[in-house]
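Reader: Could you take me through the spot where the ligand sits, in one go? I'd like to see what is around it and how it is held in view of the neighbouring parts.

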Amino acid sequence: MPAPVVFGPVAFEESPFMKACRCLPSDTVPVWFMRQAGRALPEYRQVRGEGSILDAIAEPELAAEITLQPVRRYGVDAAILFSDIVVPLAAIDVGVDVTPGHGPVVADPFRGPEDLRRLRALEPEEDIPHVLETVRILVGELSVPLIGFAGAPFTVASYLVEGGPSRTWARTKALMHSEPGWWGRLMDGLAELALAFLRAQVEAGASAVQLFDSWAGALSPDDYRQHVLPASRRVLEGIADLGVPRIHFGVGTGELLTMMGEAGADVVGVDWRVPLGEARRRVGGRAVQGNLDPVMCLAPLEVVEAEARRVLAQAGGLPGHIFNLGHGVMPETDPGVLTRVAELVHAEGRAEAAPGGSP
Ligand code: 1CP
């Protein structure tokens, strides 16, 4: 009798990506690229059109197509849902849009505790049916695992408080220290939102999740531990029962890697500032994801190849490494370079069990 066709989270347990998330040996090192869908791809520019990315995300057939484009083009081992970290905020009418070429903009930024009333519980089937429909389409089409994602409470709060992208996060940090009570309630509300968003994506068929705390590296270890970690832990531990791998990533988080693992991650994402061998030491028995500097992909091909080999060497040929960039693909990247990086990782990466047991 033929084996039954299995869809959903259990379908990809034998894939290199899922094995790496679970620190199991596998024949190849899996690879995907943060922001692999997007402006580096001519096929993306062709279908995307003008206007806010939120409009494209609201069209399930289009969002599914954009998710599939980099999988076809690069031969990566995982897809990441085409969505954005501000999607749940937009869905509960907080008043956020994403300006092309700039990023999220909150017309009326959060300035006082009365703004907490603008946060309400996310009801996925009513508030984000289009996102769930996109996931369901993809689960039927993909031959690799789908990663769902959410923004971590701190990073999402930074947009609500600053009103848009920032380089200093000055208002956010000031608020955290001057009004710790309402900061804590803001974190709690955003943790609930991220948790509901991630649970819904997994229940619709996503095989793994990534919690993006992109800007957490702006914080001191003490601030992170006291004012941010509890909320991120609520999100990551809140989905533990679903059994899917949980990836936790931020930029410039070298000094926070141990705590980001302890927040409840199975895999810790690492940017280019910390060699992967050292990152592994900091995250204990967890897997690591990274960490080629995305800017290197603008250099001549032989430089990119040498840098990719250096990342593989630093990962040590042990299980529990997912090759990725240290942050998102730069829009000016030649897609041919990323195809070559994926080929090289597949051909040269090793993930063998260490003699005598686990890494
Ligand atoms: O309209 C557009 O095409 C603009 C570019 C763009 C894209 C392609 C934005 C605006 N968002 C996205 C999609 C997106 N956002 C994805 C899926 C694409 C893929 O990976 O294949 C993901 C994972 C995100 C997540 C996201 N959005 C993060 C976390 C990841 C990271 O890069 O650190 C953050 C911080 C955002 C906010 C955001 N949305 C868009 C921009 C330009 C930004 C960053 C703004 C800033 O610098 O603060």
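Author: Let's start with Arg-48: an N or O atom of its side chain lies 2.5 Å from an oxygen atom of the ligand, and a pair of N or O atoms within 3.5 Å counts as a polar contact. On its own the ligand has 890 Å² of accessible area, and the protein covers 92% of that (Shrake-Rupley method, 1.4 Å probe).

A quick word on the source: this is a predicted model, where local features need pLDDT of at least 70, side-chain atom pairs need 80 or more, and totals for chains, interfaces and linings use all residues. Numbering runs from 1 along each chain as its sequence is written, and side-chain values use heavy atoms, with hydrogens and water left out.

The ligand is surrounded by 23 residues, with Tyr-44 and His-327 among the closest (a heavy atom within 4 Å makes a residue near). By class, that shell has 13 nonpolar, 6 polar and 4 charged residues; Tyr counts as nonpolar, Arg as charged and Gly as polar.

Finally, back to rings: the structure holds 6 aromatic pairs (ring centres within 6.5 Å; planes under 30 degrees apart are stacked, over 60 edge-to-face, the rest tilted). Tyr-44 and Phe-82 have ring centres 5.8 Å apart and planes at 65°, so they pair edge-to-face.

Key:
Polar contact = N/O pair within 3.5 Å; in protein donor to acceptor, adjacent residues only side chain to side chain.
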